[in-house]
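Trainee: I have a model open and want to learn how to read it. Can we go feature by feature?

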Amino acid sequence: MRDEWASDRLMNTVARPPQIFVRGQGSWLWDSEGRSYLDFTQGWAVNSLGHSPRAVVQALSRQAEQLINPGPAFYNRGMLDLAGRLCQATGSDQAYFLNSGAEANEGAIKLARKWGARHRDGAFRIVTAQHSFHGRTLATMSASGKPAFEALFEPKVPGFDKVPYNDLDALDAALGDDVVAVLLEPLQGEAGVIPATLEYLQGAERLCRERGALLMLDEVQTGVGRCGTLLAEELYGIRADVVTLGKGLGGGVPLAALLARGNACCFEPGEQGGTYHGNALMTSAGLAVVDTVLEPGFLEQVRDIGDHLRDALERLAKRQGLGGVRGHGLLLGLALNELPAAAVVREAMVEGLLINAPQPDCLRFSPALTVSHGNVDEMIRRLGRAMTHARQRKNDVEVA
Ligand SMILES: *Cc1c(COP(=O)(O)O)cnc(C)c1O
């Protein structure tokens with residue numbers, strides 16, 4: 001367990017449970033006291049192939065022996081190979097690699113402003129959605145529609161207009177002459193796993209084409225197979241001009257990507273950069289992940305196990321009198337009605353299960369894309385017990 005003196009030396013940015021995690025394999029994590037936990041968070045969906053997957057470990061150890069980082073102003077094999085692979089598989093024209101999802105979205109914002117300067121007489125406003133989450137840099141917090149961000153770190157970066165999500169009329173009304181791009185998540189993860197409707201994203205694509213605005217999709221959470229397709233946009237039959245990737249792309253290591261199509265590819269030398277961008281070590285991990293996800297049958301398997309998880313959660317919801325299940329592939333949310341999500345997360349940890357609550361009334365499930373049917377069934381048993389305990393605690397408190 002954590003040592004108080006040492007943990008007080010860390011800036012107080014999040015309330016952590018006392019466990020110290022020391023080992024992970026596939027869908028399992030172990031703490032320093034040897035307890036095991038079934039992990040259905042996978043570090044907020046970053047460990048797309050589970051903990052320490054062989055493909056990523058081998059790629060990293062081989063690459064670390066050979067070359068870690070020649071610097072962003074030189075080519076390395078991983079940078080070239082990953083750009084080629086991602087552009088080919090997603091039908092993109094250019095890629096750029098960064099360290100985090102927020103940085104990729106910052107890159108998208110800059111790209112949109114550059115494009116506006118070049119093609120739209122300097123228009124720079126970007127429409128985003130209420131309750132959206134695009135990261136924690138100052139510009140991406142400004143772009144985000146997360147209510148808790150509103151009062152923080154004023155003044156915000158100007159130029160963002162927020163509209164209600166899944167409301168096409170509101171988007172239509174917001175697309176004035178001064179708007180250069182629309183930035184949306186195909187599924188709002190932090191907001192409580194809220195998928196876009198088909199009509200909304202297809203309508204957003206059409207409106208952007210009509211008004212001459214870029215459609216930019218933040219696929220940091222939904223991309224790289226998470227929704228059962230390489231990109232979530234495929235589920236909607238649309239093509240964005242700009243797509244950002246992060247989280248699952250590196251299989252657990254810091255790696256993100258900015259993808260662009262057509263004349264959205266408009267950066268020129270000197271406009272975008274970063275000391276670690278496209279380094280050989282992280283791009284080798286990304287290549288291992290992308291090659292695994294593109295293996296024949298892999299995405300089919302994600303869809304199959306996603307259906308199994310959805311069915312199992314629906315049965316559990318029925319037994320426990322809970323709300324609905326929503327999401328795509330292996331990114332699912334469960335509405336809890338009156339049962340507090342934080343209490344379920346706490347009790348689940350006691351049962352040796354890691355899940356996450358993006359909102360006070362909802363749980364999020366983002367297991368490894370390689371999770372087994374057996375792991376799903378075991379998760380449901382542990383979650384059922386955790387819910388029963390959370391409900392007993394709540395009733396005890398209400399009686400007392
Ligand atoms: C996690 C997330 C981000 C931010 O990514 P970081 O790597 O934490 O900077 C941005 N957008 C979405 C949709 C995310 O889920």
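Mentor: Start with one residue. Asn76 is buried, at a relative accessible area of 5%. Keep in mind that this is a predicted model.

Trainee: Where does Asn76 sit in the chain?

Mentor: Asn76 belongs to the loop between α3 (54–66) and α4 (77–90).

Trainee: Which residues is Asn76 in contact with, leaving aside neighbours within four places in sequence?

Mentor: Pro70, Gly278, Asn279, Ala280 and Thr283. Look at Gly278 in detail. Its backbone oxygen lies 2.8 Å from a polar atom of the Asn76 side chain. The cut-off for a polar contact is 3.5 Å, so look for N or O pairs within that distance.

Trainee: Next, cysteines. How do I read a disulfide?

Mentor: A disulfide is a covalent bond between the sulfur atoms of two cysteines.

Trainee: On to strands. How should I read the side chains along one?

Mentor: In a regular strand the side chains alternate between the two faces of the sheet. Now take β10, residues 214–218. Leu214, Met216 and Asp218 point one way, and Leu215 and Leu217 point the other way.

Trainee: Is β10 mostly covered or exposed?

Mentor: Mostly covered. Five of its five residues are buried.

Trainee: Which strands are joined to β10 by bridges?

Mentor: One is β7 (residues 179–184), which runs parallel to β10 and is joined to it by four bridges. Leu184 stands opposite Leu217 of β10. Another is β11 (residues 242–245), also parallel, with three bridges to β10. There, Met216 has Val242 as its bridge partner.

Trainee: Now a helix residue. Where is Met387?

Mentor: Met387 lies in α13, residues 373–399. Its relative accessible area is 0%, so Met387 is buried.

Trainee: What does Met387 touch, not counting residues up to four places away in sequence?

Mentor: Leu316, Gln320, Leu322, Leu334, Leu336, Leu339, Val344 and Leu363. Met387 and Asp93 are 294 residues apart in sequence and 48 Å apart in space, C-alpha to C-alpha.

Trainee: Let's zoom out. How many helices and strands does the protein chain have?

Mentor: 13 helices and 17 strands. The C-alpha trace spans about 65 × 55 × 45 Å along its principal axes.

Trainee: How does the radius of gyration read against a compact globule?

Mentor: For 400 residues, a compact globule would have a value near 21 Å. The protein chain has 21 Å, which agrees.

Trainee: What share of the residues count as buried?

Mentor: 54% of the 400. The chain exposes about 17900 Å², and carbon and sulfur atoms supply 53% of that area.

Note on methods
Residues are numbered from 1 along each chain as its sequence is written. This is a predicted model: local features need pLDDT of at least 70, side-chain atom pairs count only at pLDDT 80 or more; totals for chains, interfaces and linings use all residues. Side-chain values use heavy atoms; hydrogens and water are left out. Helices (H or I, at least four residues) and strands (E, at least two) are DSSP runs, numbered from the N terminus. Buried means under 20% relative accessible area, exposed over 50%, partly exposed in between (1.4 Å probe, protein chains only). A polar contact is a pair of N or O atoms within 3.5 Å; within protein, one must be able to donate a hydrogen and the other to accept it, and residues adjacent in sequence count only if both atoms are side-chain atoms. Contact means heavy atoms within 4.5 Å. The radius of gyration is taken over C-alpha atoms; the globule rule is 2.2 Å times the number of residues to the power 0.38. Accessible areas come from the Shrake-Rupley method with a 1.4 Å probe; for residues, only the protein chains shown count as cover. Two strands pair if DSSP finds at least two bridges between them.
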